[in-house]
Amino acid sequence: MFHIYCPHCAEYREEEEFHAAGQAHIARPLDPEACSDKEWGEYMFFRKNPRGIHHELWVHAAGCRKFFNMTRDTQSYEIKEVYKIGEKPSVVAE
Amino acid sequence: MQRYSGFGLLKHSLTHHENWQRTWRNPTPKKEYDVVIIGGGGHGLATAYYLAKEHGITNVAVIEKGYLGGGNTARNTTIVRSNYLWDESAHLYEHAMKLWEGLSQDLNYNVMFSQRGVLNLGHTLQDMRDIERRVNANRLNGIDGEVLDPQQIKEIVPHMDCSDNTRYPILGASWQPRGGVARHDAVAWGFARGADSFGVDLIQETEVTDLIIEDGTITGVKTNRYGDIKAGRVGCVVAGNSSVLAKMAGFELPLESHPLQALVSEPIKPILDTVVMSNHVHGYVSQSDKGDLVIGAGIDGYTGYGQRGSYPTIEHTVQAIVELFPIFSRVRMNRQWGGIVDTCPDACPIISKTPVKNLFFNCGWGTGGFKATPGAGNVFAASLATGEMHPLAEPFSMFRFHDGALIDEHGAAGVAH
Ligand SMILES: Cc1cc2nc3c(=O)[nH]c(=O)nc-3n(C[C@H](O)[C@H](O)[C@H](O)COP(=O)(O)OP(=O)(O)OC[C@H]3O[C@@H](n4cnc5c(N)ncnc54)[C@H](O)[C@@H]3O)c2cc1C
Ligand SMILES: [Zn+2]
C-alpha cells in the first residue's frame, strides 16, 4: 500500500485515490505525419519498463485530478520523489 | 526415464518408495549448446521438451535463475480455455487446448487437467453482445462454446447469486465445456522430466546476467554461476522480466510488468465444480481438488517487479467474489501472493524474432499464458528449430506494433485469465 504525496494538494494520501498512468516524459512527436511506422509505433507502444528506478506519471484521480510525476523503484516499490509536470527528476538510474 | 504406472507404484511400495529415480538430473552446464532457453517456467520447459521430441534437437540447456516453475507458472490460477475472439489467437490457444487433452499421456505425468468448463459472465447488454459475438466466432473456428441464460447458469452453479436482486444481475454467460484447470506445478515438472529424459540440461539457480552479441547476432549468454555459455540460438522466455532481458539485447519491448495477485481460501467441502469469471464484477473463482477456493482478479495498476501488490486490489477481488457468491462471505482466506505479468497493449503475446539475429522472444502473455503452455512451447520450439516462425506464431511478431496489425483480445482477456 503506497502512501503518496500529491505535490498539488501538498499532503500524503492513500494509494486508492491515485491512478498510475504509465511511463513519464514520453514526448509526442512534433510532426506525427512525418513519422515512419516504426517511430510512431515506438512512441505509442514501446516502453522502458525498467526493473529499478523508474519515472512515471500518476494522477490524483479521486482528489485534485491533476497529473504529476513520480520516481519509484519498481523492485523495492520505494517512492523516491514526486515532482510536477514540466520538472525534471532529481533521482535517476546510474 | 523410469515410466510411471500403477504397476510401478505397486513395485516401489515393496521397497517403501525409497528407490524412485530422480525426476531430473542436476547437471553442470557444457560450454556450448545448439539452443539455450532462458527461463525455466512452463513455457521454457515446454519449448525444450518439444525441441527434443519433435525436432531432435537435444543439445539444449534451460537456464533458470530460481527453481523450475517458480515464476508465474507456480503462481497462476491455472485456468485453461481457448475461447478467444480473433482467428489468430483462437487458433493458437486451441492448438494448446488440443495438446492439453493428451498431455498427461504424452508426458507420462499426471498434470491433473480437468475439463470442468469455464463460464464467462455477462452483466450488461454490451457484455452480452460481446459474448454472443465471441461465442459465434469460436464456433466458426471449431471451438466449443455456448451462450447460456441465467436459468441455465443456475443449473451449473446453483450457489451463485443469479437473481435480479443484485447490483449487477447476471444476464448470461459464455460457456466453454472443454475449458477447465490443470495442476500448474505438475505442468512444469512434467515438461522438465520429459525434456531431461531426452538429454536437455536443466540449469537451476543460475541467472543470465548479460547476452553476448557480436555484429548483431547472439552467440551466447553470460551467467552468474557458470560464466559464458555459447549458443547457436537463444530463446528468451522470462515473462515479467522480458524487458530486462530485452534491454541487455539493446531494444525495447511493448510491455509493462505489473503485479498480479491471487489468493486461496481454507479448504472446504466440494461446492464449485467449474470455473466462474466475470469481467464486469471483476473477479474469478474455481475450487481446487484440495478444496480451497482459488480466487483472482485484475492487475495492480502500477508497474512492479516485486512479486507483490497492494492491499486494495485484494479487497476488490474478494468483494467481487462475495457479490457473486454471498455464500462465500465467511470463508477465510489462507494465502495470498503475487506474480509479475508482462502485459502487452493488445492483450496478446509476443512470439517473435527480434532485432538481434538468432535471438527469439516468447513473452507478453500477461495474465493469461498458463493455458497456452503446451501450445506456445510447441510453436516456439518449431521456430527455434528452423529459424523461421511457426505459422501459428507468425501473427504474434513484436513488429506488429510498428505496422499496426494488432490483435485486440481485451474482451476475451481483461480480467479473465
Ligand atoms: C496471480 C496470477 C494468476 C494467473 N492466472 C492465470 C490463469 O488462470 N490462466 C492462465 O492461462 N494464465 C494465468 N496467469 C498467467 C500465467 O501464469 C503466465 O502467463 C505463464 O505462467 C507464463 O509462463 P512462463 O513460463 O512464460 O513464465 P514464468 O513461469 O514466469 O517463467 C519465467 C522464468 O524465467 C526466469 N527468469 C527471469 N529472468 C531470468 C534470468 N535473467 N535468467 C534466468 N532465468 C530468468 C524466472 O525465474 C521464471 O522462472 C496468471 C498469472 C498470475 C501471476
Ligand atoms: Zn492532489
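This is a predicted model: local features need pLDDT of at least 70, side-chain atom pairs count only at pLDDT 80 or more; totals for chains, interfaces and linings use all residues.
Helices, in the sense used here, are DSSP runs of H or I with at least four residues, numbered from the N terminus. One of these is α9 of chain B, and Thr313(B) lies in it. Is Thr313(B) buried or exposed? Buried means under 20% relative accessible area; Thr313(B) has a relative accessibility of 17%, so it counts as buried. Beyond its neighbours within four places in sequence, Thr313(B) is in contact with Gln261(B), Gly298(B), Ile299(B) and Asp300(B).

Two of those contacts, Ile299(B) and Asp300(B), lead on to the open spaces of the model. Rolling a probe the size of a water molecule over the atoms shows where empty space is left. The largest pocket holds about 1,100 Å³ of space. Its lining is made of 47 residues, and those nearest the centre are His258(B), Ile299(B), Asp300(B), Gly301(B) and Tyr302(B). Both chains take part: the elements that give two or more residues to the lining are β3 (19-23), α1 (37-45) and β4 (53-59) of chain A, along with β12 (256-267), β15 (292-299), α9 (311-324) and α12 (410-413) of chain B. Which element gives the most to this lining? That element is β3(A), with five residues. Sorted by class, the lining has 22 nonpolar, 19 polar and six charged residues.

A search of the whole structure turns up one cavity of 30 Å³ or more, and the largest cavity has a volume of about 30 Å³. Around the largest cavity stand His123(B), Asp161(B), Thr166(B), Tyr168(B), Pro169(B), Ile170(B), Glu323(B) and Leu324(B). By class, this lining divides into four nonpolar, two polar and two charged residues.

Next comes chain A as a whole. Chain A has one helix and six strands, and along the sequence these follow the pattern β-β-β-α-β-β-β. The C-alpha trace of chain A spans about 45 × 30 × 20 Å along its principal axes. Of the 94 residues in chain A, 39% are buried. Among contacts in chain A with a separation of 6 or more, 45% are between residues 24 or more positions apart. Val92(A) gives an example of a link across the sequence. Val92(A) is found in the segment after β6 (79-83) of chain A, and, leaving aside neighbours within four places in sequence, it is in contact with Ile53(A) and His55(A). Although Val92(A) and Ile53(A) are 39 residues apart along the chain, their C-alpha atoms are separated by 6.7 Å.

Chain A also contains a hairpin. Strands β1 (residues 3-6) and β2 (residues 11-14) of chain A run antiparallel and are joined by four bridges. Ile4(A) has Arg13(A) in β2(A) as its bridge partner. Four residues lie between the two strands, and in this hairpin Ala10(A) takes a positive phi near 55°.

Chain B has hairpins of its own. Strand β9 (residues 208-214) and strand β10 (residues 217-223) of chain B run antiparallel, with six bridges between them, and Asp210(B) stands opposite Lys222(B) in β10(B). Two residues separate β9(B) from β10(B) in this hairpin, and in the turn Asp215(B) has a positive phi of about 50°. What is the bridge partner of Lys222(B) in β11(B)? It is Asp228(B). Four bridges join β10(B) to the antiparallel strand β11 (residues 227-236) of chain B, and the hairpin that links β10(B) to β11(B) passes through three residues.

The largest nonpolar core has 54 residues, and Trp100(B), Phe191(B) and Ile351(B) have the most contacts inside it. The elements of chain B that give two or more residues to this core are β1 (32-38), α2 (42-55), β2 (60-63), α3 (87-101), α4 (103-107), α7 (184-197), α10 (373-386) and α12. The largest share, seven residues, comes from α2(B). Leaving aside neighbours within four places in sequence, Trp100(B) is in contact with Val80(B), Val111(B), Phe113(B), Ala182(B), Val187(B), Phe370(B), Lys371(B) and Pro374(B). Another core, of 31 residues, lies apart from the largest one and includes Val36(B), Ile63(B), Val221(B) and Phe251(B).

Definitions and conventions
Residues are numbered from 1 along each chain as its sequence is written. Chains are lettered from A and ligands numbered from 1 in the order in which they are written. Side-chain values use heavy atoms; hydrogens and water are left out. On a 1 Å grid over the protein atoms alone, a cavity is a set of points where a 1.4 Å probe fits but cannot get out, and a pocket is an open set with protein on both sides within 12 Å along at least five of seven lines; lining residues have an atom within 4 Å of a point. Grid points are joined across faces, edges and corners, and a volume is the space filled by probe spheres set on the points. Ala, Val, Leu, Ile, Met, Phe, Trp, Tyr, Cys and Pro count as nonpolar, Asp, Glu, Lys and Arg as charged, and the others, Gly among them, as polar. Contact means heavy atoms within 4.5 Å. A nonpolar core is a set of buried Ala, Val, Leu, Ile, Met, Phe, Trp, Tyr and Cys residues joined through side-chain atoms within 4.5 Å. Buried means under 20% relative accessible area, exposed over 50%, partly exposed in between (1.4 Å probe, protein chains only). Two strands pair if DSSP finds at least two bridges between them.
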